Amino acid sequence: MIARLGLLTPPATQPDALGTVLLVLVTPLVMGALAAIWRPRRGWPIAALALLPLASLMVLSQEVLASGGQAWLIELGTLTLHWRANGLTLLLLWLTQVVTLASVAYAPAYLRVEIGDQGEQRWLWPLQGLLLSSLSLIWLAADLLSLYIGLELMGLTAVGLMLLPGKVEALVAGMRYLLLALVGSLAFLLGVALLLGAWARLDLGGLAMAAEEGMVLWVAVALLSAGLLLKAAAFPLHAWLAPVHGSAWTPVSALHAALVVKGSFFIALQLWLVLVPAAHIAAWLVGAMGGGAVVWGGLLAWRATKLKDVVAWSTVSQLGYLLLGFSLMIGTAPQVAEVAWEGTWLQLVAHSLAKAGMFLATGNLIFSTGESHVKGLAGASCRMPLSLLSFGIASISLIGLPPSAGFTAKWLLLHAALEAGYWLWLAVLALGTLLGAAYIFRVFRYSFVEDAEPPEARRVPWSMELLALGLAMASLLLGLVAEWPLTLLRTAGGGA
Amino acid sequence: MSQAWLPLATLATSLLVVPLIFALPERAWRVRTVLNLSAALLKVVLVGLMVWGLYQGESYRFSFTVVRGVDFLFQVDALGLMFAGLSSLLWLATTVYAIGYLEDSPNRKRFFGFFSLCVASTVGIALAGNLFTFLLFYELLTLSTYPLVVHRGYAKALDAGTVYLRYTLTGGLMLLLGVVALHVMVGDVTFGEREMLADLGPGAHGLLTVLFLILLVGLGVKAALVPLHGWLPRAMVAPAPVSALLHAVAVVKAGAFGIVRLVYDVYGISLTYELGLLTLLAIIATLTILFGSMRALAQQELKPRLAYSTISQVSYIVLGISLFGPFGTIAGLVHLMHQGLMKVTLFYCAGNYAEELGIHRIDELDGAGRRMPLTSIAFTVGALGMIGLPPVAGFISKWYLGMGAVEANMPWVIAVLVASSLLNSAYFLPIVYRLWFRPGPAHGVGEWPAERRTGRFEISGWLLWPTCSTAVLSILAGLLAGLPFSPLDLASFVTAEEYLP
């Protein structure tokens, strides 16, 4: 498993691709800063300029694929940072760039038609750039220091993005989120300190060799996991999630649900695989938390009255599937772990694309009808707005119906659970599917109501419609070509 | 030689129409009509080409890997082509019918978009070459029919849609679990490679039986086997063309087709027989046949009576395949086609009566034969076929079912057939009697509930011609059963593949 994470790759003797990595990390920052000065009014200049980071990522991909995984040592005075890139890193980097690009390109039209002049719009651009860079750092980092920097930057940036609307509710929600993020970071930092004190090293590859079972390790892992799972909104630490989305801007919600919570999950899974790769009882407990998340999140989404809350609670439920992966990958037979490994990453990608698409579509629906409640959608399907279609396509993936990527991921997870003999997980996956269908079709039921007053509909700008549809379609069609991302996972140092 | 493009093109005809229809504005009904009809015609031609090719010994296959060990596979065999042929023919007829039926009603764009998606799913189900691909389109069918069921948008329709989803999604989930479990046991299950499961040996028989039951529940929901039939009568709130398609080819038939696949192409008839599951199927089918007929008898409205009759009739297919022996197989497969033709005719007629005269209840039909002779003749043909009278197609089905029962040494099945035929007569003949022999508004007695003059003939041609043509086809399928390319010929072709080594 450590080999799959790319942590065993020896550092390159000549740091040839380091320049490209730095380019991937820095370009979003620069572009964000530029956009703060010359604020974009349209989506297309962003799309055109976004070719720059995409191009640098393309170059990095080629270099990594050609060498079959790369690792770098960066000496900063007495500090040594460890970075690495393998198939998994590339997959996550691509995902982050695509989703961020879509939400950034969504923003200009959104700000123009929906927000007007309110809020601190100037700060949206540099913060989004910073978020992209910090996420990229998290995917690349192979030592606890880099991970901590990435995590802290990501958390603070996310808080900043939440505060942008400048309204009271947004400030309250943002401050609460800040508090949580700080508590989470503190727990994480304590865990890191324990590990540093015990084994005097921070690089994950080295810790995997050095760490010994014992009280210290367990307390450290518990602290790290508690901090990360709080940030990842894992059940039962999820209550903060929906209120945060309530007042946030739509593209910010999309980024947060699709990527930010995944960052914490990624770090947590990575640390478990490195530090306690055989702790199957503890992993089973995390899996049970996941099961609880699937069911409870689904119930909350089902009961929610606001459209955005439905989408937000469904994130809790979907993250539960990822947590199930813990129990299927840690301390299980290799063939189970392999299927679960692929299923988990596919689920992550599927959920990111679908959830981002769904948030954008939800934003469009709310903008178009002027109603934020589920009931406000009554009769919305009469005009067959594109946003409703996008919402539907994204929800196919969330429920896990074919041919979506969510379905293929569920197939793999079911496969792993059956092979491992975890019957309870079968029930959880089945129940999750049914609850998913219940909360999604509740929304659609309203949209098909015919005898309601037809709502006043505002025209949604094309760029907003198309971006939501594009992300949703990507999550749908990825299910059929799931072999592509999975091949990427297996190649470049991830196949062993 | 293997040609991959033909099955793909067949799927594409209805699948690609979907985005085009959604892209067109609501008022562009001319373009939409042309698009729908030409796609439907094209599909009939393409399926015809494949049937021709299959007789020439061509094979059509298309596959790619979805994830490691799981393939998307289209593989054309005679059984799949039968179903594809049925679906493409009835799509054409029903498209014509729906254009006429929904004239001037709102949301036609949404209707036709999902209608095409629904037909695309049935084609996918027909051409699927393994369980994974089958499951893919089976679930897509659930999704695409939901908007059609709730199309009218009033509370009753929405409730029916919710019930429909509860049943079908749970069924789909069972199917998914069963398919994944089979996959963990033996890997990708390609249709026709039935040795895979038989080779597992007697040790696996217990598990295989459980899996069979799980899969049967998954498929039985759509096939409306008792006690999983609860959604079907409620789904009657959908517009008439949807009911027609749902009952004749799409949902109910997809379930029955899936059971045929399960028995013949996944487990293999010998293994199913060995596991003792054929008897179970026969019992379930018998119960469903008798229960459906009884309930049909109790209905006072036309469409619910037809709905319960579907529950009963579709189980003839299951009964046929549960009879071990070629005749039983032929009976089951041929009924797959025949029931489709006859039932679609009956639903068109019910739609015609409702559209032209506002008739929903059976006791309002008095004397309608005089006012709408062609529709009533078509209805009579369908009803007689359902009862099993020659020369309509239904006779062939029942004849082979009887022979199959003798061959399988299950004489009690004949008693079931007789009982069911009597019940069929009991609920169809009174309607026919009312149509032709009772005086009604056409004879100056009383009034039609809501009469409209929608066309030059007894009703608008868009509604009349599909009705007549499917009625004629049901007679032809019976009269010309001995000719090549008839349903019976195709069914015999499939059966020969199954029983000859």
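Where is B:Gly192 found? In this predicted model, B:Gly192 sits in the loop between H7 and helix H8 (195–198) of chain B. B:Gly192 has 18 C-beta neighbours inside 10 Å, so it counts as partly exposed. Leaving aside neighbours within four places in sequence, B:Gly192 is in contact with B:Asp77 and B:Asp265.

Helix H7 (residues 155–186) of chain B contains B:Leu176. B:Leu176 counts as buried because it has 26 C-beta neighbours inside 10 Å, and the cut-off for burial is 20 or more. From B:Leu176 to B:Val217 the separation is 41 residues in sequence. In space, the two are 11 Å apart, C-alpha to C-alpha.

The two chains can be described in turn. Chain A holds 19 helices and two strands. Its radius of gyration is 21 Å, close to the 23 Å that the globule rule gives for 496 residues, so chain A is as compact as a globular protein of that length. The C-alpha atoms of chain A fill a box of roughly 65 × 55 × 40 Å along the principal axes. Of the 496 residues in chain A, 61% are buried. Contacts in chain A between residues at least 6 apart in sequence were also examined: 83% of them join residues at least 24 apart.

Chain B holds 22 helices and two strands. For chain B the radius of gyration is 22 Å, close to the 23 Å given by the globule rule for 501 residues, so this chain is as compact as a globular protein of that length. Its C-alpha atoms fill a box of roughly 70 × 55 × 45 Å, taken along the principal axes. Buried residues make up 61% of the 501 residues of chain B. Among contacts in chain B between residues at least 6 apart in sequence, those joining residues at least 24 apart make up 80%.

The chains touch each other. In this interface, 29 residues of chain A are in contact with 29 residues of chain B. On the chain A side, helix H16 (405–420), helix H17 (423–447) and helix H19 (483–490) each supply at least two residues. By class, that side has 20 nonpolar, four polar and five charged residues.

Helix packing was examined within chain B. Two packed helices are described by the angle between their axes and the distance between the axes. Helix H4 (residues 78–101) and helix H5 (residues 108–127) of chain B pack at an angle of about 170°. Their axes are 8 Å apart. The angle makes H4(B) roughly antiparallel to H5(B), because angles over 145 degrees count as roughly antiparallel. The crossing of H4(B) and H5(B) is left-handed. H4(B) contributes B:Gly80, B:Phe83, B:Ala84, B:Ser87, B:Trp91 and B:Ala98 to the contact. H5(B) contributes B:Phe115, B:Val119, B:Thr122, B:Val123, B:Ala126 and B:Leu127. By class, this contact has nine nonpolar, three polar and no charged residues.

A second pair in chain B is formed by helix H12 (residues 251–267) and helix H15 (residues 302–322). These helices pack at an angle of about 10°, with their axes 10 Å apart. H12(B) and H15(B) are therefore roughly parallel to each other. The contact involves B:Val252, B:Ala256, B:Ile259, B:Val260 and B:Val263 of H12(B). From H15(B) come B:Thr310, B:Val314, B:Ile317, B:Val318 and B:Ile321. The residues of this contact divide into nine nonpolar, one polar and no charged.

Some backbone features lie in loops. In chain A, the peptide bond from A:Pro402 to A:Pro403 is cis, with omega near 0°. A:Pro403 is in the loop between helix H15 (386–399) and H16 of chain A. In chain B, the peptide bond from B:Pro390 to B:Pro391 is cis, with omega near 5°. B:Pro391 lies in the loop between helix H18 (373–387) and helix H19 (393–407) of chain B.

Two alanines have positive phi values. Phi of A:Ala200 is near 55°, and phi of B:Ala224 is near 60°. A:Ala200 is in the loop between helix H7 (168–199) and helix H8 (204–210) of chain A. B:Ala224 is in the loop between helix H9 (205–223) and helix H10 (231–234) of chain B. Are these residues buried or exposed? A:Ala200 counts as exposed, with 9 C-beta neighbours inside 10 Å. B:Ala224 is buried, with 28 other C-beta atoms within 10 Å.

How values were computed:
Residues are numbered from 1 along each chain as its sequence is written. Chains are lettered from A and ligands numbered from 1 in the order in which they are written. This is a predicted model: local features need pLDDT of at least 70, side-chain atom pairs count only at pLDDT 80 or more; totals for chains, interfaces and linings use all residues. Two residues are in contact if their C-beta atoms, placed from the backbone, lie within 7 Å. Helices (H or I, at least four residues) and strands (E, at least two) are DSSP runs, numbered from the N terminus. Ala, Val, Leu, Ile, Met, Phe, Trp, Tyr, Cys and Pro count as nonpolar, Asp, Glu, Lys and Arg as charged, and the others, Gly among them, as polar. Axes are lines fitted to C-alpha atoms, for helices over the stretch in contact, and angles run from 0 to 180 degrees between N-to-C directions. Angles under 35 degrees count as roughly parallel, over 145 as roughly antiparallel, 65 to 115 as roughly perpendicular and the rest as oblique. A crossing is left-handed if the near helix is turned anticlockwise from the far one by less than a right angle, and right-handed if clockwise. A residue is buried if 20 or more other C-beta atoms lie within 10 Å of its own, exposed if 12 or fewer, and partly exposed in between; C-beta atoms are placed from the backbone. The radius of gyration is taken over C-alpha atoms; the globule rule is 2.2 Å times the number of residues to the power 0.38.
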